[in-house]
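Q: I'm new to reading protein structures, and I'd like to go through one with you. Could we take it feature by feature, with the general idea and then the case at hand?

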Amino acid sequence: MKDSNATVTQLALLQQKLHSAKLALDEVNEDRNAKLQTLLQFIGHLSLACKGQNLELDNKLAKLRHNLNTFDRVDEALPELVDVERLLKGQYHHVMVQLEESRAGLAQVIRQIQRVNSVPEKLKKEINYFKQDLAKPFHTVWEYIPKVKQIIGFYDTILQQQFNGTEKLDVLPKHRQLAHELAQMISEIEFRKDQRDQVLVIKEMLASDIEIDNLLEAYQTILSLLLDNIAREKSASQEFLYALNDALAAVREVVSESYNHNQRSFQLKTQLNREINSRVDNVGEAIIDTDDIVDLKARLTEQLNSIRSALARKETLEQREQALLRKSMETMRKELNELSNEANTYKERLFEQQKLNLLDSLTQLPNRAALEERMELEYRNYQRHKSPLWIAVADIDHFKIINDSFGHSTGDKTLQVIAMALKNSLRDTEFVARYGGEEFVLILPDIDDSDIAQLLNRVREKVKNIPFKFKNQRITVTVSIGAARVMGNELIHETFERADAALYKAKHESRDRVVIDV
Ligand SMILES: Nc1nc2c(ncn2[C@@H]2O[C@H](COP(=O)(O)OP(=O)(O)OP(=O)(O)O)[C@@H](O)[C@H]2O)c(=O)[nH]1
C-alpha cells in the first residue's frame with residue numbers, strides 16, 4: 001500500500017513536470033512563432049523595398065517568404081537567408097556605384113548649364129551653390145531625386161527666359177508689303193552670276209509666307225550683296241585711275257627728261273656754233289693777216305680741221321638727240337597705247353553697266369528706269385509732232401497661282417517666256433518694259449484709235465496661245481491689258497495712271513481682256 005502511494009505521488013509529480021515542460025514548450029513555440037512572424041514581415045517589407053532592382057534578389061526573397069510560411073522548412077530557409085544576405089550586400093554596392101555615377105552625371109549637366117550665356121545673376125549664384133552641394137556624396141536614392149528636380153527647375157527657368165527673348169513677332173500687312181517691295185527691287189537689280197542662286201533663294205522665300213526674321217535676313221543679305229558689288233565697281237574704277245595716273249607720271253617723266261636733254265643739247269649746240277663761228281672768223285682774219293701763201297695754207301688747214309671736228313661733234317650731238325627723241329616718243333606712244341586700251345576696257349565696262357542698269361535681269365526686257373527714259377523721249381516726240389502715243393499696262397492673270405502651284409522658278413520661267421512673246425509681238429518702233437513683278441508696260445507710238453484694240457488683243461491672244469506645260473499639265477496663261485492715249489497737254493504719267501485704271505477695270509471684268517480708256 002505504502003509502495004502504491006509512493007508510485008501515485010511520483011506519477012503526479014511526473015505529470016506535473018510534464019505539464020510544466022509542455023507549458024514551457026508551448027511558450028517556446030509561441031515565441032518562435034512570433035519571431036518567425038516578425039521575420040516574415042521583415043522579409044515582406046524587404047521584398048517590397050527591393051522589388052524591381054535585381055531579379056535574382058526578387059526571386060530569392062519570394063522563395064524565402066514561401067519557405068518561412070511552413071514551420072517544417074524553416075531550417076531549409078537558412079541557406080536561402082545566407083544567399084539573400086549576399087545578394088543584398090552586392091545590391092548595396094551596386095546602388096552606391098550607381099548613385100556615384102548619377103552624381104557625376106548631374107555635375108556634368110550643371111557644368112553645361114553654366115556654359116549657357118545670358119543666365120541671370122541670381123540663377124547663376126543658385127547654380128553655384130547647387131554645384132557645391134553636389135560635391136558631397138549621395139547615400140540614398142532619395143537624395144538624388146530632389147537634385148534632379150532642382151536641375152529641371154534650372155532648365156525650365158533658362159528655357160522660359162530664352163523663349164521670352166525669342167518670341168516670334170507677328171507678321172503684319174506692312175511686313176508683307178516690305179517683302180513685296182524687296183522682291184520687286186531685287187528683280188530690278190542686276191546681280192552678278194555668282195550671286196544669282198542666293199538671290200533666287202531670297203526671292204522664293206519672299207514669295208512664300210514670310211517671318212520677320214527671314215525678312216530681316218533677306219534685307220541683310222541683299223544689302224551685303226549690293227555692298228560687295230559697289231566695292232568691286234569702286235575697285236575697278238580705282239584700278240583705271242591708278243593706270244591713268246601711272247601713265248601720266250611716266251609721260252611727265254619722259255617729257256621732263258627730254259626737256260632737260262634739250263636744254264643741255266641747246267647749250268652744247270650754242271657752244272659748238274660759237275666755236276665754229278670763231279673758227280670761221282679766224283679763217284677770215286688769217287686771210288687778211290698773211291701774204292705768205294704757205295703759211296696761209298697751213299693756218300687754213302688747221303682752222304678747217306677744227307671746223308670739221310666741231311661739225312662732226314655737232315652731228316654726233318644731233319644724232320644722239322634724235323635717238324633720244326625717238327626713244328621718248330616710243331615710250332610715250334607705248335604709255336598712251338596702254339592707257340587708251342585701259343580706257344577702252346573701262347568704257348566698255350561702263351557701257352555694259354549702263355546697259356545692265358536699264359535691263360531687267362530676269363526677262364532681259366528694259367526695266368523701269370529704261371521705261372522712264374523712253375517715256376520721256378516719246379513724250380517729247382509727241383509734243384513736237386502731236387502724233388498719237390499710247391501707253392498700255394499688261395498684267396499676268398492669277399500669276400500667284402502659278403507660283404503657288406508649281407514653284408517660284410517655274411513662275412520665273414513663265415515671266416521670261418511671256419516677256420519674249422510681248423517683245424516679239426511689237427514693231428521696232430514700239431517698246432515694252434517689265435514694270436515690276438508680273439506687270440509690263442508698252443509704249444505704242446503712231447497707232448490710230450481704230451487700231452489700238454486690235455493690236456492689243458493680238459498681243460493678248462499671243463500670250464494666251466503659248467503652250468505652257470507644267471508638271472505635264474497643259475496650262476493657259478492669260479494677261480489683262482489696260483491702255484490710254486496721251487491727250488492734249490496731259491503729262492505722260494497721267495496717261496500711265498489712266499492706263500493702269502483701265503487695267504484695273506479689265507481685271508474686274510473677269511480678266512483676259514483689253515480695256516481702252518477713252
Ligand atoms: N516667280 C516670280 N513671281 C513673282 C515675281 N515678281 C512677282 N511675283 C509674284 O507675282 C504674284 C502676283 O500676285 P498678285 O499681285 O496677287 O496677282 P495675281 O495672282 O497675278 O492676280 P491678278 O493680278 O489679280 O490676276 C505674287 O505671287 C508675286 O510673288 C518674280 O520675279 N518671279
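Predicted model: local features only at pLDDT ≥ 70, side-chain atom pairs only at ≥ 80, totals over all residues.

Q: How many bridges join β1 to strand β6, and which way do the two run?
A: First the terms: helices (H or I, at least four residues) and strands (E, at least two) are DSSP runs, numbered from the N terminus. Two strands pair if DSSP finds at least two bridges between them. Here, 7 bridges join β1 to β6 (residues 479-485), and the two run antiparallel.

Q: How many bridges join β6 to β7?
A: There are 4 bridges between β6 and β7, and these strands run parallel. In one of those pairings, alanine 484 has aspartate 517 in β7 as its bridge partner.

Q: In what order do the strands of the sheet come?
A: The sheet is open and has 5 strands, ordered β2-β3-β1-β6-β7, with mixed pairing. At the edges are β2 (431-436) and β7 (514-517), each of which pairs on one side only. From one strand to the next, the twist averages 20°. For angles like this, axes are lines fitted to C-alpha atoms (for helices over the stretch in contact), and angles run from 0 to 180 degrees between N-to-C directions.

Q: Which strands does helix α10 touch?
A: For touching, two residues are in contact if their C-beta atoms, placed from the backbone, lie within 7 Å. Helix α10 (residues 368-385) packs on the sheet and touches β1, β2 and β3 (439-445), with its direction at about 135° to that of β2. Helix α14 (residues 492-508) lies across β1, β6 and β7, and runs at about 145° to β6.

Q: How do I read burial, and how many residues of β6 are buried?
A: Count neighbours: a residue is buried if 20 or more other C-beta atoms lie within 10 Å of its own, exposed if 12 or fewer, and partly exposed in between, with C-beta atoms placed from the backbone. In β6, 7 of the 7 residues are buried, so the strand is largely enclosed by the rest of the structure. Both of its faces are covered, with Val479, Ile481, Ala483 and Arg485 buried on one side and Ser480, Gly482 and Ala484 buried on the other. Across the chain, buried residues make up 15% of the 518 residues.

Q: Is aspartate 281 buried or exposed?
A: Aspartate 281 sits in helix α8 (residues 212-289). This residue counts as exposed because it has 11 other C-beta atoms within 10 Å.

Q: And where is tyrosine 144, and what does it touch?
A: Tyrosine 144 belongs to helix α5 (residues 141-165). It has 17 C-beta neighbours inside 10 Å, so it counts as partly exposed. Leaving out residues up to four places away in sequence, tyrosine 144 touches Leu99, Ser102 and Phe138.

Q: What should I look for in phi?
A: Most residues other than glycine have a negative phi. Serine 510, in the loop between α14 and β7, has a positive phi near 70°. Arginine 511 is found in that loop between α14 and β7, and its phi is positive too, at about 65°, although it is not a glycine. Serine 510 is exposed, with 9 other C-beta atoms within 10 Å, whereas arginine 511 has 14 and counts as partly exposed.

Q: Last one: which residues come nearest to the ligand?
A: A residue is near a molecule or strand if its C-beta atom, placed from the backbone, lies within 6 Å of it. Of the 19 residues around the ligand, Ala207, Phe399, Lys400, Gly411 and Gly437 come nearest. Helix α12 gives the most to this shell, with 4 residues. Domain 2 (169-357) and domain 3 (368-517) both give residues to the shell, so the ligand lies between them; the domain bounds come from an automatic or database domain assignment.

Note on methods. Residues numbered from 1 in each chain as written.
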